[in-house]
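Hello,

Here is the structure I promised to pass on. Please open it first, then read the notes below.

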Number of protein chains: 2
Amino acid sequence: MAEVSSVSPLAPKEFPSLSQIDGVELFSAPIGEGYHGRNNLFFARFIEGTCVAGVLTKSKCPSAPIDWCRENLGYGLARGLVVNAGNANAFVGNVGALTVQHTAVAAAKMLGCSTSEIFISSTGVIGEPLDHEPLVDALKKAPQLPADFEAAANAIRTTDTFAKGAGAQFDLDGVSVSISGIAKGSGMIAPDMATMLSYVFTDVPISVEILRTLLKDANAFSFNAITVDSDTSTSDTCLVFATGAAKARGVEPIVSPEDPRCADFKQALSAVLKDLALQIIRDGEGATKMMVVKVSGAVSDLSADIVARSIANSPLVKTALAGEDANWGRVVAAIGKAGEPAERDKLQIRFGDLLVAKNGFRSAAYTEEDASQYMKSDEIQISVDLGVGDGNATIYGCDLTHGYISINGDYRS
Amino acid sequence: MAEVSSVSPLAPKEFPSLSQIDGVELFSAPIGEGYHGRNNLFFARFIEGTCVAGVLTKSKCPSAPIDWCRENLGYGLARGLVVNAGNANAFVGNVGALTVQHTAVAAAKMLGCSTSEIFISSTGVIGEPLDHEPLVDALKKAPQLPADFEAAANAIRTTDTFAKGAGAQFDLDGVSVSISGIAKGSGMIAPDMATMLSYVFTDVPISVEILRTLLKDANAFSFNAITVDSDTSTSDTCLVFATGAAKARGVEPIVSPEDPRCADFKQALSAVLKDLALQIIRDGEGATKMMVVKVSGAVSDLSADIVARSIANSPLVKTALAGEDANWGRVVAAIGKAGEPAERDKLQIRFGDLLVAKNGFRSAAYTEEDASQYMKSDEIQISVDLGVGDGNATIYGCDLTHGYISINGDYRS
């Protein structure tokens, strides 16, 4: 792997201050020598009654931990979470499932619970068997090594150049409750109904059915709306754990989808997931600019989404951003190749507030100078109106630079 | 545009020797000062009775010349072909159609034919109006400037680092007949039912209906099976002109799809188109290695095609090739993200003849040394068996290098 060297130029200045979540304890430890000298095991312990909802990769070649989580999410109860960085435990045949089993048995024994309440994730190289012994050894030592959210976020990094966290505090029934989450991801990012790895914790008492629904909705506009390189991972995972501990402070459980507090919770959860998702974009491998693609006027939201992804994933649009070149001709080509209904002679394209093209022709107001100035920003917004309907979508991406080639030209070696 | 500097390391040693085609005359000229000092107008004149078939981009934002050719291909007769390089005449509103009209009128007047028999292509920057006056001036001078196929192929280059040609000679009715073709293309290459620009000429007498059918079939396994960067152009065009001049030498016209000579012609045409298509890959922007992806065992040929494209377009697979890293884990991820039916625990992956993975696990015979040695080749074959059916497909691609970023980070400026 290429050395994780300098921090992304788009990184936030510092790790945010996140609320401790009642009912959650965090730990981190090194597995063997650790990963590039860093802790690479993250372990979390939950109080009894914690429920969990998750979205997982739709990859047809999922990792062994994905298979494990998919099964346990059906039960919806969680007591423990074990995550290792450096090895994805993916595409290693039966060995992969055995490693997961050994890990889950050890964790369940430590916590006095069922293995169905243990959630497991792995991130890193694909195709290398993951030895369970050093992993289980580290797990056993973990309870002596408490961690805060920043330490936990650091323990799940691979090519990430910074630890990613986001949180929210809001009132329910006059009581302050919290959501705190962490994520990792930098390359192989084009999540399909999930992200790379993200873990979100809350003390809100809420039924698992409602938690599932709210997560699915919030995920669609956050992790599922980002793409670094159009490559979907075998291990994408987002899990939300709700301990319900705020019930002791007088918060009535949310058990009905009609409960007006669902909207408050969803708003806070969505904000946290979106913040984490954009941090992954801001740490896109080699990224120097974030790209926000807004498509409107499509025949449907799905159609807008396809066009927006076509633009955000176009290597030619991405390299134009890297070169600070307002090359809107490449945006036109990316719209065209998407194959979705569009009216060439009604197309409107904006870079930021600058009207670049209108009615299928370069705008009279367009000047190369204004556009070049705008392209120097580190966040570029490309807005496209297709002129054929009311569908819209927003997708977040980044530029494609020499840094991406350098990082991935010798990742394994 | 980045300077067209050194020739691709994958370029053929020299331009092939191509047969002159009876009934075809070639010319090339500079438009104004030319393009980077090169001739950038290609003009071809055909004898009366020449028929033409073509495949054009499916982009929803096609260039003005594409609209023009689509209409004229319906008639199927050709007397002239005019191609300019440096400006794609795309996304310039009504101005684009006017430029095409002016050009066609001038050419038709020179040749004493209908404008419906004039075919026009443009390649280069998108979104800049193309002035018809210098173009028509150059066209008028062209008949004094005869060219051979190599000169014609040079006149249609943009970021291409070498001129691309391919030909075939074979016997029909005991008479030697020929196919000679040229092409251009290097970036924005993921043709959708067509290529960047390719022009193929033959003296075989053949009906336009049969020519269309044979072109469509041959195209599917040549131009439509290549991808440099997954970006489909607004201008992709492949036109085949059949002068029928070999009739004078005793070749009976091919007018029935049951004519056994169709197979001979199709075989020769397919070989020429595939040769040209692979030359485009060998001139992929920044390419240092060609990638051949063969997928078998899919539920259908279409499913195999989707998986093969997912691998060939994966930035992570492409950068692994650039780094000479046998990173088959990224191949697994690309298979997984394609979303097509695949059996993880039956998957088989080969790099060249090396069995890398079998039954969802690294092969016992695999050694890193053998794989690293193989990755040094300049043509890498990745073969995948999905283990679920009989569908198969082959897609041709190339690696993703710093060269691609350099070329496209400042294309316009």
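Let me start with one residue. Val331(B) touches Ile311(B), Val317(B), Ile349(B), Ile382(B) and Val384(B), leaving aside residues up to four places away in sequence. Bear in mind that this is a predicted model.

Where does Val331(B) lie? It lies in helix α9 of chain B. Is Val331(B) buried or exposed? Val331(B) has 28 other C-beta atoms within 10 Å. The cut-off for buried is 20 or more, so Val331(B) counts as buried. One of its contacts is Val384(B). The two valines are 53 residues apart along the chain, yet 8.9 Å separate the C-alpha atoms of Val331(B) and Val384(B).

**Helix α8(B)**

How is chain B related to chain A? A rotation of 180° superposes chain B on chain A, with 0.0 Å of shift along the axis and an RMSD of 0.0 Å. The two copies are therefore related as by a two-fold rotation axis. Which residue of chain B comes closest to that axis? His402(B) does, with its C-alpha at 2.8 Å. The same surface serves both copies, as 100% of the contact residues of chain B recur in chain A.

Now the contact itself. On one side are 55 residues of chain B, and on the other 56 residues of chain A. Four elements of chain B give two or more residues to its side: α8 (315-322), α9 (328-338), β13 (361-362) and α11 (402-409). Which gives the largest share? That is α9(B), with eight residues. By class, the side of chain B that touches chain A has 20 nonpolar, 22 polar and 13 charged residues.

**Domains of chain A**

Chain A is divided into domain 1 (24-282) and domain 2 (290-409). The centres of these domains of chain A are 33 Å apart, taken over C-alpha atoms. In chain A, 11 residues of domain 1 are in contact with 11 residues of domain 2. The domain 1 side of that contact has six nonpolar, four polar and one charged residues.

**Helix α5(B)**

One more helix to look at. Helix α5 of chain B runs over residues 208-220 and has 13 residues. From first C-alpha to last, α5(B) reaches 18 Å, close to the 18 Å expected at 1.5 Å a residue. Its buried residues are Ile210(B), Leu211(B), Leu214(B), Leu215(B), Ala218(B) and Asn219(B). They cover an arc of only 155° around the axis, so they sit on the same side of α5(B). An α-helix has 3.6 residues a turn, so residues three or four places apart point the same way. The cover over the buried residues of α5(B) includes β3 (51-56), β9 (237-242) and α6 (261-282) of chain B.

Over to you.

Terms used:
Residues are numbered from 1 along each chain as its sequence is written. Chains are lettered from A and ligands numbered from 1 in the order in which they are written. This is a predicted model: local features need pLDDT of at least 70, side-chain atom pairs count only at pLDDT 80 or more; totals for chains, interfaces and linings use all residues. Domain bounds come from an automatic or database domain assignment. Two residues are in contact if their C-beta atoms, placed from the backbone, lie within 7 Å. Ala, Val, Leu, Ile, Met, Phe, Trp, Tyr, Cys and Pro count as nonpolar, Asp, Glu, Lys and Arg as charged, and the others, Gly among them, as polar. Copies are superposed by least squares on the C-alpha atoms of residues with pLDDT of at least 70 in both. The expected span of a helix is 1.5 Å times one less than its number of residues. A residue is buried if 20 or more other C-beta atoms lie within 10 Å of its own, exposed if 12 or fewer, and partly exposed in between; C-beta atoms are placed from the backbone. The arc is that of the directions from the helix axis to the C-beta atoms.
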